[in-house]
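I opened this notebook to keep track of what I looked up, entry by entry. The structure goes in first, and my notes follow.

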Amino acid sequence: LFAQARRAIDADWLILTQGSADLAGDFTVDGVRHVVLGRGRRWHNWSYDWRGFRAAGDVLADWRPDLVHVHGSENYFGLLTARGLVRAPALIALQGLLHSYVRTVWGPLDRAQARRIDLPLERLRGTGLLGLARQWRLGARLEHEILRGNRWFAGRTAWDRATLHAINPAANYRPLHELLRPEFARTRWTLAEARRHTIFFGNLAGPHKGGEVLVAALRILRRSVPDVRLRIAGGLKPQGGYACHLLREIARAGLTQNVEFLGYLDGAAMARELARTHVFASASFMDNSPNTVGEAMMVGVPCVCSYVGGLPSMADERREARFFPSGDPEALAAAIAEIFANDALALSLSAAARSRARVFHDPATAVTQLANLYGEMLAPTASVANRATRMETSSPGEREWMLPPGAASPKPGTLSAR
């Protein structure tokens, strides 16, 4: 989005982020200033490196931006404006919302199971499932301060809007499309090239992503589809306690030959994998608008998703995807089996999903939305007449989200983005 917006919005840009200590620095590329704050070896999004927080405040105090754009509420950058340390107006672009995620951090597991799964070293270091829950609880508390303390927010689903307004009823919420990597728009799924009875899952980062539900559904499917295969991508640590637990569950179900872990895939590899699969499955216990689902829909893979969070804003049931109740492996298996057995349904879901994704992730619409939003923030007294322009450039599903007033494109100024 930044690359697209930079061509359309006349401004000086600063990109401020955190990275490993060896990447720390202050440099300019193609006229854009980049500041990378080094982080500690055990840094985590939700464990918060407060030295970095102070350093970020110092950078912005020196830069004196007219507007600050913060990507996500699950890091500390939004606290800079919530606490008044930076006086510029801030736009918080909502991604995941820990306020809700923390309730499903262990997915189908309880605390006793999470403790048994954690390895002794993970419990000592706070890096296993118990440690993850502590990090998310801390993050949720600080996120609550960010959501309460800022005024302007952008999102893309009815769920993130409802969650925000439950915490901050006075918040100004505007729709902003999420862009996907270009490889997915260039790749198109066809049933003829798909490997029959193959299921792909794109991000098994922990129990909240529903790995156990997928394994249970696979066990049901194998009774009627013996050659069914589940291919899993994502950052699951192979030596971690949760990975060991999931491998035991797979072996106990007799599914070792039916499951393949692919590890990390870049955009091109992910697009190729999607083009060759029969069904994409998302079994998350909570999500907003996961990129993996958007990528699958953009390629045109028939999708089966848990009915949680913002996913119903991405697709309509039976027209663009099949939904199932979160945590229900029987319903998941039935939905996948229906697509396996019905080529007409698979083709219909594919065409409709691709059309919907091309609207939901349209770059031109996203840039227009962002330019309008920046203008509204920088010119709060902008004419209400400009609202008509915003309405014309939004999709029908977004118009019901609009809150007056609209705005013209932003004036030249300085912008800080994370």
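Which residues in α10 meet which residues in α11? Before answering, I note that this is a predicted model, in which local features need pLDDT of at least 70 and side-chain atom pairs count only at pLDDT 80 or more, while totals for chains, interfaces and linings use all residues. Residues are numbered from 1 along each chain as its sequence is written, and side-chain values use heavy atoms, with hydrogens and water left out.

**Entry on two helices.** I found that Gly 211, Glu 212 and Val 215 in α10 meet Tyr 242, His 245, Leu 246, Glu 249 and Ile 250 in α11, where contact means heavy atoms within 4.5 Å. Helices here are DSSP runs (H or I, at least four residues), and strands are runs of E (at least two), numbered from the N terminus. I then looked up the packing of α10 (residues 211-224) and α11 (residues 241-252), and their angle is about 10°, with the axes 10 Å apart. The axes are lines fitted to C-alpha atoms over the stretch in contact, and angles run from 0 to 180 degrees between N-to-C directions. That makes α10 roughly parallel to α11, a term for angles under 35 degrees.

**Entry on the cores.** I looked up the largest nonpolar core, which has 109 residues, and those with the most contacts inside it are Ile 199, Leu 274 and Ile 336. Such a core is a set of buried Ala, Val, Leu, Ile, Met, Phe, Trp, Tyr and Cys residues joined through side-chain atoms within 4.5 Å; buried means under 20% relative accessible area, exposed over 50%, and partly exposed in between, with a 1.4 Å probe and protein chains only. Helix α7 (residues 129-149) gives the largest share of this core, nine residues. I also noted a second, separate core of 16 residues, which includes Ala 5, Ile 9, Leu 67 and Leu 370.

**Entry on helix α8.** In α8 (residues 158-167) I listed the buried residues as Trp 159, Asp 160, Thr 163, Leu 164 and Ile 167. Seen down the axis of α8, these fall within an arc of 130°, so they line one face of the helix; the arc is that of the directions from the helix axis to the C-beta atoms. They pack against α4 (98-101), α7, β6 (152-155) and β7 (172-175).

**Entry on single residues.** I looked up Arg 318 in the loop between β12 (303-306) and β13 (322-324), and Arg 318 counts as partly exposed at 43% relative accessibility.

How values were computed. Parallel < 35°, antiparallel > 145°, perpendicular 65-115°, else oblique.
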